[in-house]
Amino acid sequence: MSILAWDKNIILDHPIIDQQHQKLVILVNEFYEAIRKKEANSAIMELLQGLIDYTEFHFKDEQNLMRLNQYPDYLPHVSEHRKFVAHVADCYTRISEGKLVISLEITSFLRSWLVEHIKVTDKKLCTFLAQKSGKQ
Ligand code: FEO
């Protein structure tokens, strides 16, 4: 069972970005599954940390692509990345300190944010990159 589907809604036709997004979808689904199956907190936290790490890796790659291509909307895009990482890292800390309970609501947030960010903000970037490379 998954909470997030890898489908045409979020496929942007950029090989590197799509490959990394697909990995993010897998990680969100694994995190969701672990919570749904009520796995041990330590296992769930390990998955959350893995998700944070991979997200940061992906954001850095995307930001490098933006800089290399002198993307005009670099700053607002990076701002969205930063807010997301800060929010998820804050969730991780609050869970670790016992101030937030692990729940499926966290996965709902992850899914909604990712889908919206990919469909709007990343799509805009990929359209720009495709136009720049003469593919559109
Ligand atoms: Fe694919 Fe802007 O994150």
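Helix α1 covers residues 15-36, and at 1.5 Å a residue its 22 residues should span 32 Å; the end C-alpha atoms sit 31 Å apart, which agrees. Here the expected span is 1.5 Å times one less than the number of residues, and helices are DSSP runs (H or I, at least four residues) numbered from the N terminus. This is a predicted model, so local features need pLDDT of at least 70 and side-chain atom pairs count only at pLDDT 80 or more, while totals for chains, interfaces and linings use all residues. Residues are numbered from 1 along each chain as its sequence is written, and side-chain values use heavy atoms, with hydrogens and water left out.

Glycine 134 follows α4 with a positive phi near 80 degrees.

Now for the pairings. Axes are lines fitted to C-alpha atoms, for helices over the stretch in contact, and angles run from 0 to 180 degrees between N-to-C directions.

| Pair | Angle | Axis distance |
|---|---|---|
| α1 and α4 | about 175 degrees | 10 Å |
| α2 and α3 | about 170 degrees | 11 Å |
| α2 and α4 | roughly 20 degrees | within 12 Å |

The α1 and α4 pair is roughly antiparallel (angles over 145 degrees count as that, and those under 35 as roughly parallel). Contact means heavy atoms within 4.5 Å. On the α1 side, the contact residues include Leu24, Val28 and Phe31, and on the α4 side they include Leu110, Leu114 and Ile118. By class, this contact has 14 nonpolar, two polar and two charged residues. For the classes, Ala, Val, Leu, Ile, Met, Phe, Trp, Tyr, Cys and Pro are nonpolar, Asp, Glu, Lys and Arg are charged, and the others, Gly among them, are polar.

Isoleucine 118 is also where α4 (residues 104-132) has a kink centred, of about 40 degrees; the bend is the angle between axes fitted to the seven residues ending there and the seven starting there. Even so, the end C-alpha atoms of α4 are 40 Å apart, which agrees with the 42 Å its 29 residues should span.

Helix α2 (residues 41-68) has 28 residues and reaches 40 Å, close to the 40 Å expected. With helix α3 (residues 74-96), α2 is roughly antiparallel, and the crossing is left-handed (the near helix is turned anticlockwise from the far one by less than a right angle). Among the residues in that contact are Ile52, Phe59 and Met66 of α2, with Phe84, Val85 and Tyr92 of α3. The count there is 13 nonpolar, six polar and three charged residues.

With α4, α2 is roughly parallel, again in a left-handed crossing. Leu51, His58, Phe59, Glu62, Leu65 and Met66 in α2 meet Leu110, Trp113, His117, Asp122, Leu125 and Leu129 in α4. These divide into eight nonpolar, two polar and two charged.

How values were computed: Helix = DSSP H or I, 4+ residues; strand = E, 2+ residues; numbered from the N terminus. Parallel < 35°, antiparallel > 145°, perpendicular 65-115°, else oblique.
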